[in-house]
Amino acid sequence: MNAAAKAHDFVVVANRLPVDVERDAEGSISARPSPGGLVAALQPVLARRRGGWVGWPGTVGETLPSFSTEDGTTLHPVVLDEADFEEFYEGFSNATLWPLYHDLIMRPIYNAQWWQAYERVNRRFAQRVAEVTAEDGVVWVQDYQLQLVPGMLRELRPDLTIGLFMHIPFPPPSLFRQLPWREQILSGMRGADLLGFQLESCAANFRALGASKSKVRAFPISIDVEPFLAPTDTAATREKFGNPRTLLLGVDRLDYTKGILQRLEAFESLLERGLVDAESTVFVQVATPSRERLEHYRQTRSAVEEAVGRINGRFGSIGHSVVRYHHQSLRKSELIKLYQAADVMVVTPLKDGMNLVAKEYVASHADASGALVLSEFAGAAEQLNQAYLCNPHDVDSIASKVLEAIQHAGSAEARSRMHTMHQQVRTFDVQRWAEQFLKELQ
Ligand code: ADQ
């Protein structure tokens with residue numbers, strides 16, 4: 001038994017550890033914390049309860065020892081080799097489950113070898129958790145990559161209390177039933193004492209598949225609001241884009257679920273019809289590289305980049321591009337500057353569990369400036385119902401809502417909408433989300 005044996009009363013298990021692993025010139029490895037919303041929410045609980053985190057460090061084929069972060073959380077890396085990465089992560093998680101759970105925007109691939117890898121890797125996670133969790137401890141499993149872990153863990157360690165939270169949508173039975181391994185996935189999930197979904201509709205989709213002993217409930221996730229509140233120099237940010245009259249913004253992982261192409265087409269249609277002036281408007285689109293080896297992601301990137309080129313070719317002028325496209329990940333501080341400076345945030349996923357970008361934008365507008373155009377198909381639309389809601393499958397619907405948001409900018413109505421949404425996000429933040437889940441679990 002190693003030092004970490006059964007050390008933790010509380011363990012989070014997620015596909016990724018909250019770190020970025022780096023290798024220096026001599027080849028030695030170090031891990032830098034990469035704090036996201038989940039870490040911010042769980043950090044107090046982890047610190048209070050001798051917490052542990054089991055996950056993949058993000059590098060392929062590397063065995064790393066367990067190590068502790070500054071706040072005393074111990075991270076337990078799980079190894080994925082090249083075959084695991086291809087078959088479990090890129091394959092079953094992101095080319096089977098991801099499109100199936102997002103209402104078949106792309107066609108899922110059903111591959112028995114990927115399924116075996118999914119089982120094998122889920123078992124590895126479950127075993128690691130079983131080794132490091134104290135008697136009668138609490139385990140919180142995260143997301144679609146690990147749906148078998150609750151069931152496996154229940155067999156290995158009947159003493160544990162197990163929660164599972166699904167960050168992505170859960171599809172209606174008519175779609176879920178396509179999955180050749182639906183029974184195994186269901187019994188894996190049913191190993192949890194508490195099953196959390198983003199929305200009541202997802203919880204209902206799960207319940208419709210048959211009775212289980214688990215409690216099934218909706219817990220809409222949110223953000224750590226604090227970093228978005230401090231004002232930045234918005235004039236300076238707008239200056240960088242040539243002081244446009246209207247600054248529109250899109251921020252997403254480059255994923256086909258996010259509706260980036262549809263949003264650009266809507267913008268193009270507004271330019272084409274002369275409803276938006278190309279000289280005084282800038283659309284900034286930041287798209288983080290994501291899952292780049294998968295064919296559907298390559299196609300999506302090409303289509304987006306072709307649209308950007310076409311729109312700038314048609315409507316830009318020498319020295320002014322109307323769309324500023326960045327295929328990169330930005331630092332949080334840069335992201336906040338963009339959020340605060342943008343007049344209209346355009347969030348148009350075809351399907352999205354929640355969408356935190358919408359909440360981050362709203363959190364950035366404590367002064368009630370700005371406007372949010374939001375897809376009805378984002379989970380966030382349930383909480384941010386004061387947004388300009390659009391149907392992302394209908395380019396005209398996106399265009400008309402963007403236009404409305406531009407035209408209303410600065411009005412009392414626009415300010416009142418933003419004020420209401422800002423209060424919503426401040427009240428229902430990610431800390432409250434975590435508290436509610438854990439309270440229900442125990
Ligand atoms: P994602 O699909 O990744 O999350 P989202 O909720 O929007 O989508 O979260 C993206 C995060 O990445 C945000 O915090 C955002 O700031 C950041 N980000 C995006 N683009 C970036 C860029 N170019 N540079 C830097 N940061 C960038 C999944 C589900 C969602 C669900 C979340 C949380 O698909 O529906 O809301 O999990 O449960």
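**Salt bridges and the domain contact in a predicted model**

Arg293 and Glu86 form a salt bridge in this predicted model, with 3.9 Å between the closest N and O atoms.

Q: Why is the pair Arg293 and Glu86 called a salt bridge?
A: The closest N and O atoms of Arg293 and Glu86 are 3.9 Å apart. The cut-off is within 4 Å for a side-chain nitrogen of Lys or Arg and a carboxyl oxygen of Asp or Glu, so the pair qualifies. Glu86 and Arg293 also belong to one network with Glu82 and Glu90, joined by salt bridges that share partners.

Q: What makes Arg154 and Asp193 a link between separate parts of the chain?
A: Their closest N and O atoms lie 2.8 Å apart, and the two form a salt bridge. Arg154 is in helix α4 (residues 149-156), whereas Asp193 is in the loop between α6 (182-189) and β9 (194-197); the pair therefore ties together parts that are 39 residues apart in sequence.

Q: Why does Arg154 count as partly exposed?
A: Partly exposed residues fall between the limits of under 20% for buried and over 50% for exposed. Arg154 has 25% relative accessibility, and therefore counts as partly exposed.

Q: What makes Glu440 and Arg217 a link across the sequence?
A: The salt bridge between Glu440 and Arg217 has its closest N and O atoms 2.7 Å apart. Because Glu440 lies in helix α15 (residues 430-441) and Arg217 in strand β10 (residues 215-218), the pair ties together parts 223 residues apart in sequence. Glu440, at 23% relative accessibility, is partly exposed, and so is Arg217, at 33%.

Q: Are Arg291 and Asp255, which meet in a salt bridge, buried or exposed?
A: Both Arg291 and Asp255 are buried, and so each has under 20% relative accessible area. Their N to O distance is 3.5 Å. Arg291 lies in the loop between β12 (281-288) and α10 (295-315), and Asp255 in the loop between β11 (246-253) and α9 (260-272).

Q: How do you know that domain 1 and domain 2 touch?
A: The domain assignment gives domain 1 (8-219) and domain 2 (226-427). The contact takes 19 residues from domain 1 and 18 residues from domain 2. About 1600 Å² is buried between them, and carbon and sulfur atoms give 62% of that area. On the side of domain 1, Trp98, Ile105 and Met106 lose the most area, together 35% of what that side buries. Between the domains there are also 4 salt bridges.

Notes: Residues are numbered from 1 along each chain as its sequence is written. This is a predicted model: local features need pLDDT of at least 70, side-chain atom pairs count only at pLDDT 80 or more; totals for chains, interfaces and linings use all residues. Side-chain values use heavy atoms; hydrogens and water are left out. Domain bounds come from an automatic or database domain assignment. Contact means heavy atoms within 4.5 Å. Buried area is the accessible area (1.4 Å probe) that two parts lose on being put together, summed over both. Helices (H or I, at least four residues) and strands (E, at least two) are DSSP runs, numbered from the N terminus. Buried means under 20% relative accessible area, exposed over 50%, partly exposed in between (1.4 Å probe, protein chains only).
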